[in-house]
Amino acid sequence: GKGEWNFFPLDHGIDRWESGWITKLLSGIEYVERSSADVWEALETNHSILVINAHQQEIIAQFTQIERVRNLLKQYEIGAIIIDEHTDSLLWNDFGFKFLIRLGFGSRKDSETKEHEMLVPLGIPKYTKELIKEEVLPANERRYAWGFMGRVTNKARAKMLQSFLKLSEERAFQIGAKWQQYAPSDYLLHLSAGLINVTYIQNNWSEFEQWNSSVSWRSGINNSIPNEAYRAALGEIIFAPSPHGSNHPECYRTYESLEAGAIPIVSTRYYQNSFGAPFPVVDWSLDSIRSIFLLLDNPAQLKALWLECQSWWNQILFEYPRIVAELINTRRILVKSIRHHYTLTLFGNELPIEINFPSDAQDDELKTIAIAAANKHNLHFGAGCESSDCIVQILFHEMHSVMRAKRLPETILITGVPS
């Protein structure tokens with residue numbers, strides 16, 4: 001490490017949505033928060049981290065003095081965290097920051113990211129942790145099949161709701177009085193702005209007109225449910241449709257859902273391509289949503305998907321502070337992407353045994369994991385396979401089978417742990 005960093009939030013303080021997530025990401029380094037300084041004062045303070053709100057024009061105006069900024073960055077060791085980057089108004093990677101962390105809203109250019117740069121997930125708003133219980137309900141203990149609380153701002157969202165509502169109606173009719181533990185048909189719906197007539201959504205979404213942003217934005221705020229109720233609602237639903245945000249496919253709703261234990265349903269491969277996320281990907285059509293609803297009748301697959309999503313999110317929370325610390329303190333990314341894991345579950349007369357292994361493991365690593373698991377659990381496979389070599393070979397073969405089965409399809413992504 002390089003000792004204590006100076007932390008300058010250049011957006012009128014750090015009391016904003018991103019504050020909790022930034023604090024989490026920086027938990028692996030030593031820093032002291034400075035008062036929200038003048039841009040030039042911050043740029044003349046060595047060993048500093050600047051939080052730059054790319055949506056705040058008075059701040060961005062200072063950085064249009066490109067040569068002055070570049071000259072200062074040659075003299076001092078300064079890195080930047082860019083937030084609210086909805087546009088490409090400035091090429092932040094051309095200034096010469098010692099490191100550059102971009103909070104969400106990635107683009108295709110991120111595939112060409114330089115060694116001292118990284119894109120991190122958008123994360124959760126600052127108040128989320130204060131409202132959600134430490135433990136979340138498993139998918140098969142939740143009351144509602146799905147839920148959506150928010151604005152209906154475009155045709156895509158209207159189409160999404162039309163499909164979910166129609167399938168919920170079909171499902172309720174099919175289940176009738178035979179309501180089953182793992183087959184809920186109920187849903188939670190609170191529409192705060194835009195198209196808020198459910199009947200109209202069901203029948204006429206294709207005629208939907210673009211919302212009046214000047215009116216509907218304020219309406220969305222005035223009609224929204226309190227934060228605590230919103231989080232509690234997410235904690236009771238299984239599937240959380242998470243359509244595109246206003247300016248980008250990535251949005252807070254996805255991460256709020258994960259933190260509350262819901263399974264995000266998205267219509268983009270952005271999360272998968274950028275962060276290796278396992279969320280189901282749909283196009284909001286009836287057929288694609290129907291494949292999601294089928295999981296409600298398959299407790300094992302539903303549990304597997306839920307565990308995979310929660311495992312991914314917990315790994316994000318654990319790994320990214322470490323990766324950020326490596327980037328900041330060494331100015332090089334030691335791990336450019338998180339290794340994703342599969343689980344091989346063995347069933348016998350006793351409790352199931354789970355063997356975790358990286359999805360990109362090579363044969364030597366798989367054999368090492370198999371040997372360790374055989375020794376740890378004192379595994380025996382009965383007559384004909386008493387030797388340790390036979391047991392290791394079986395485990396090795398089964399892990400390979402899981403890896404083959406997990407190859408991501410080009411259509412809807414539904415993956416899970418074998419059961």
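A residue counts as buried when its relative accessible area is under 20%. Arginine 231 comes in at 3%, so it counts as buried. Keep in mind that this is a predicted model.

- Arginine 231 is in one of them: its partner is glutamate 256, and the closest N and O atoms are 3.1 Å apart.
- That pair links distant parts of the chain, with glutamate 256 in helix α10 and arginine 231 in helix α9, 25 residues apart.
- Glutamate 256 has a relative accessible area of 5%, so it's buried too.

- Arginine 290 pairs up with glutamate 170, with 3.4 Å between the closest N and O atoms.
- Arginine 290 sits in helix α12 (residues 286–293) and glutamate 170 in helix α6 (residues 155–175), so this bridge ties together parts that are 120 residues apart in sequence.
- Arginine 290 is partly exposed at 31% relative accessible area, and glutamate 170 is partly exposed at 27%.
- There's also a network here: salt bridges link Glu170, Asp287 and Arg290.

- Arginine 322 and glutamate 319 meet through their side chains at 2.4 Å, N to O.
- Both residues lie in helix α13, three residues apart, which is about one turn of the helix.
- Glutamate 319 counts as buried at 15% relative accessibility, while arginine 322, at 33%, is partly exposed.

**The cavity**
- One cavity of 30 Å³ or more turns up, and the largest cavity has a volume of about 30 Å³.
- Its lining consists of Gly147, Phe148, Met149, Tyr230, Leu234, Ala240, Pro241, Arg253 and Ser257.
- Strand β7 supplies the largest share, three residues.
- By residue type, the lining of the largest cavity splits into six nonpolar, two polar and one charged.

**Threonine 330**
- Helix α13 spans residues 299–330, and threonine 330 belongs to it.
- Threonine 330 is partly exposed, with a relative accessible area of 35%.
- Threonine 330 and phenylalanine 99 are 231 residues apart in sequence, yet their C-alpha atoms are 9.4 Å apart in space.

Notes
Residues numbered from 1 in each chain as written. Predicted model: local features only at pLDDT ≥ 70, side-chain atom pairs only at ≥ 80, totals over all residues. Heavy atoms only, no water. Helix = DSSP H or I, 4+ residues; strand = E, 2+ residues; numbered from the N terminus. Buried < 20%, exposed > 50% of the residue type's maximum accessible area, 1.4 Å probe, protein only. 1 Å grid on protein atoms, 1.4 Å probe; cavity = no way out; pocket = protein on both sides within 12 Å on 5 of 7 lines; lining within 4 Å. Points joined across faces, edges and corners; volume = space filled by probe spheres on them. Nonpolar A, V, L, I, M, F, W, Y, C, P; charged D, E, K, R; others polar. Salt bridge = Lys/Arg side-chain N within 4 Å of Asp/Glu carboxyl O.
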